[in-house]
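Visitor: I would like to learn how to read strands and packed helices in a model. Please take me through some cases.

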Amino acid sequence: MSAQQPQAIYLEDYRPPAWLVTHTELNFELEEEQTLVRARLNIKANPEVSGKPEPLQLHGDEGMELLRLSIDNQVLEPQDYRREAGMLTINNVPDQFVLECVTRLLPHENTALEGLYKSDGMFCTQCEAEGFRRITFFPDRPDVMSIFRTTLTADKSQYPVLLSNGNPVASGDAEEGRHWVTWEDPWPKPAYLFALVAGDLALLEDSFTTCSGREVALRIYAEHKDLDKLEYAMTSLKNAMRWDEEVYGREYDLDIFMIVAVDFFNMGAMENKGLNIFNTSCVLAHPKTTTDGGFQRVEGVVAHEYFHNWSGNRVTCRDWFQLSLKEGFTVFRDAEFSADMNSRTVKRIEDVSLLRTAQFAEDAGPMAHPVRPESFIEISNFYTLTVYEKGAEVVRMLHSLLGPELFRKGSDLYFERHDGQAVTTDDFVAAMEAVSGRDLSQFRRWYSQAGTPRLNVTDRWDAGAGEYRLTVKQSCPPSPGQEHKQPYHLPLAYGLLDEAGRELRSGVLEVREEEETFVFSGLESRPVPSLLRAFSAPVKLEYDYSYEQLLMLLRHDTDGFNRWDAGQRVCVRLMQNLIRDWQNEQTLQLPATLVEAWKQLLQNETLDPAMLAQCLRLPSEALLAELADEVDVVAIHEVREFLRTSLAQALEQQWLAAYQRCDTREESYSPDAASIGRRSLKNLALGYLMATGAEPWLELARQQFEQSDNMTDQQAALALVAHSRHRESAAELLQQFYLQWQHESLVMNQWLAVQASDPTEGALERVQALSEHPVFDARNPNKLRSLVGAFCGQNPMHFHSEDGSGYAWLADWILRLDKQNPQVAARLLTPLTRWKRYDKVRSALMQKHLQRMMDTDDLSADVYEVVSKSLV
Ligand SMILES: [Zn+2]
């Protein structure tokens with residue numbers, strides 16, 4: 001037990017700030033050994049807070065050195081203020097004053113990567129959520145918005161590029177080969193949106209003319225060696241700017257928009273006003289070094305951060321409990337953008353797959369929380385799938401309930417009402433209510449109740465009356481601190497099909513009651529329902545489909561998402577049966593119905609390859625684990641492997657035909673949706689061919705590895721061979737890949753991840769050895785995710801090894817990283833938090849390692865929160 005336990009803070013304790021900072025002037029003297037920060041804050045009492053004057057309280061990290069503090073030019077002595085528990089308190093201040101403060105920082109020693117730090121020789125910052133308090137003393141809360149003016153001074157030859165938020169307004173040379181630049185941001189913003197960058201950077205430049213005819217300079221910066229990898233991000237940025245004007249009426253508001261790529265970054269990217277800072281993995285893209293998934297990630301993340309300029313920056317969060325106000329809305333916006341740029345159905349399938357495996361698991365685990373949490377110890381732990389992805393689903397439901405036109409009116413009103421303000425999720429819903437005249441009070445439960453609701457649907461057919469009745473029952477399991485849930489208000493999109501697959505009806509039902517019945521009359525025969533089309537609500541849907549009905553939907557449903565989902569339901573049900581057979585030591589049998597259905601799909605050359613690839617991908621081990629009452633790691637793995645191998649052998653000719661049909665070696669690479677679809681079907685087919693174990697297909701994979709001109713095909717072939725029984729070829733290709741790409745950091749992340757997720761014998765020894773390899777760097781979050789994260793998240797057989805060695809390895813890492821980078825440590829911990837879902841032996845071992853962490857002195861608040869909540 002640590003000496004002092006970190007304390008939780010509660011939404012219900014929110015109070016408006018007693019003090020406001022109207023203007024903030026910052027001066028950074030950047031040097032190798034230290035950085036001096038001179039801050040000048042114009043502070044005044046908040047006119048909206050009445051009562052007797054409160055002391056001035058400023059956040060400031062304990063590690064930050066305070067050199068000088070003055071109020072209206074009067075220097076304060078240590079007895080004039082108090083510093084404790086990360087807070088600086090000054091009593092008896094005037095109603096309005098100027099506070100000046102000088103702090104000394106050591107960016108080169110900052111391994112937490114919050115505040116000001118160094119990444120590969122450049123200075124950069126990360127201030128969301130509470131990193132600004134590591135730079136200077138400030139009311140570091142999103143509802144204190146200030147106008148910032150920032151001057152950076154640094155050595156001119158080492159740091160020729162000096163960037164901050166807003167527009168550059170002045171620059172010049174200083175003594176001793178140094179130079180300076182001043183930036184001014186005209187828009188008031190909270191401190192978490194502050195950013196600076198200083199370095200020797202290459203630049204890709206372009207421009208964009210906004211809808212009102214203003215010219216905006218677009219600049220993307222990266223290390224010189226990566227200059228050839230910035231074009232796709234630039235194209236994506238321009239597409240996103242145009243899309244936001246057309247779809248949301250949002251125009252950009254500064255003369256310049258900048259993106260900087262940095263290699264050491266805890267998150268994906270950060271929407272600092274006018275100066276987005278990106279993890280290299282979310283901005284660099286080149287056909288030779290980036291997979292299709294990587295290209296789509298760049299497009300999505302560039303758009304996401306750009307969209308924040310309105311949904312996040314111009315209108316921001318009142319407090320961190322409202323994080324989903326900006327994240328849920330912006331994820332919905334970027335998902336719609338990606339859907340418009342690529343295939344809508346495929347994008348939806350990918351998003352829902354993530355939700356069903358990872359977010360549903362979060363909802364069912366010890367860290368379950370509502371989209372708007374009620375309390376937290378460390379806000380960094382709440383940058384979760386629930387806040388982001390489920391939050392986006394909640395916005396999507398509003399979009400379905402109101403329809404696109406009213407939704408747009410609602411978002412216009414929201415931006416108009418709250419421009420320049422820090423507001424709440426309630427304010428967002430209120431704007432939707434105002435434009436629609438609807439009462440959304442029941443709908444608001446989506447923000448306050450945790451857990452994944454279940455919809456149980458039954459039906460009755462009255463042939464005499466031609467009447468079909470759908471009865472919908474909803475429930476939601478208990479989650480920490482919430483025993484009983486109230487019914488939700490949700491859109492249930494549906495279609496009714498006849499036996500031949502013709503669509504008879506379609507629409508959206510609004511479900512509000514614990515149980516209610518919807519009646520459809522005037523039908524000639526009993527319909528087959530297609531329920532929850534396009535996944536219209538983030539729920540688990542139960543309806544007792546027959547195999548015949550599911551196969552009919554797989555063939556005929558007009559809703560692409562539900563066609564895919566019908567196929568998944570067939571597979572999940574068959575696999576669950578096989579898991580039972582395996583547990584009862586019965587021989588596993590490949591169901592003929594599945595072979596027949598897949599054969600038909602594969603022979604249908606009119607189907608879109610991207611959709612076909614989605615339909616022919618077996619449900620993941622993670623999904624099957626999420627659906628199980630008690631996770632049987634070995635049974636799930638063995639059954640999936642059995643099914644994969646059997647389907648591979650039974651349909652070998654069809655896989656080969658699909659591979660050849662989609663062979664794109666003659667074309668030059670393009671990351672458009674159609675080409676991506678062909679490559680995904682081709683590589684899926686290659687995977688099945690490899691699964692047959694036949695020698696010729698190993699040769700085919702090796703050929704693809706050597707001859708392909710793009711990373712998608714090369715990496716797919718590498719992973720297939722590396723994970724196969726052909727150990728000699730695996731070692732050869734891994735070595736060849738290493739020699740080819742050892743100087744490309746992002747490609748080496750893939751090289752690490754491929755090996756970490758290799759399910760063959762000896763996995764733990766391999767990752768242990770890799771953690772000593774020169775390409776691995778434990779200070780770099782991308783490397784940690786690629787090695788430790790991939791092993792614990794994507795190699796269930798070895799992470800969950802019955803001797804507990806995988807758990808011990810992860811726990812050792814967490815304890816080591818907790819001292820260095822608590823945010824990343826807490827994130828990597830997730831797999832252990834699920835301990836209650838496993839068999840006795842495994843759960844006892846996982847619990848033992850959680851307890852070992854709990855018994856460690858001086859745990860960070862980040863890790864302490866996750867471990868303590870998991871052990872409850
Ligand atoms: Zn975001």
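Visitor: Which residues of S21 point one way, and which the other way?
Guide: This is a predicted model. Leu275, Ile277 and Asn279 point one way from S21, while Asn276 and Phe278 point the other way. Residues on both sides are buried.

Visitor: How many residues of strand S21 are buried?
Guide: The count for S21, residues 275–279, is 5 of the 5, so the strand is largely enclosed by the rest of the structure.

Visitor: In which sense do S19 and S21 pair?
Guide: Strand S19 (residues 256–262) pairs with S21 in the parallel sense, over 5 bridges.

Visitor: How many bridges join S20 to S21?
Guide: There are 2 bridges between strand S20 (residues 269–270) and S21, and these strands run antiparallel. Ala269 stands opposite Phe278 of S21. The hairpin of S20 and S21 has 4 residues between the strands, and Gly274 there takes a positive phi near 70 degrees.

Visitor: Now the helices. What describes two packed helices?
Guide: Two values are used: the angle between the axes and the distance between them. For helix H11 (residues 592–603) and helix H14 (residues 633–650), the axes come within 11 Å and cross at roughly 55 degrees. H11 and H14 are therefore oblique to each other. Their crossing is right-handed.

Visitor: Which residues make that contact?
Guide: H11 contributes Leu594, Val595 and Trp598, and H14 contributes Leu643, Leu647 and Ala650. By class, the contact of H11 with H14 has 6 nonpolar residues, no polar and no charged ones.

Visitor: At what angle do the axes of H18 and H19 cross?
Guide: The axes of helix H18 (residues 711–722) and helix H19 (residues 727–741) cross at roughly 145 degrees and come within 8 Å. H18 passes H19 in a left-handed crossing. On the H18 side, Met711, Gln714, Leu718, Val721 and Ala722 take part; the residues they meet in H19 include Arg727, Leu733, Phe737 and Trp741. The residues of this contact divide into 9 nonpolar, 3 polar and 1 charged.

Note on methods
Residues are numbered from 1 along each chain as its sequence is written. This is a predicted model: local features need pLDDT of at least 70, side-chain atom pairs count only at pLDDT 80 or more; totals for chains, interfaces and linings use all residues. Side-chain values use heavy atoms; hydrogens and water are left out. Axes are lines fitted to C-alpha atoms, for helices over the stretch in contact, and angles run from 0 to 180 degrees between N-to-C directions. A crossing is left-handed if the near helix is turned anticlockwise from the far one by less than a right angle, and right-handed if clockwise. Contact means heavy atoms within 4.5 Å. Ala, Val, Leu, Ile, Met, Phe, Trp, Tyr, Cys and Pro count as nonpolar, Asp, Glu, Lys and Arg as charged, and the others, Gly among them, as polar. Angles under 35 degrees count as roughly parallel, over 145 as roughly antiparallel, 65 to 115 as roughly perpendicular and the rest as oblique. Buried means under 20% relative accessible area, exposed over 50%, partly exposed in between (1.4 Å probe, protein chains only). Two strands pair if DSSP finds at least two bridges between them.
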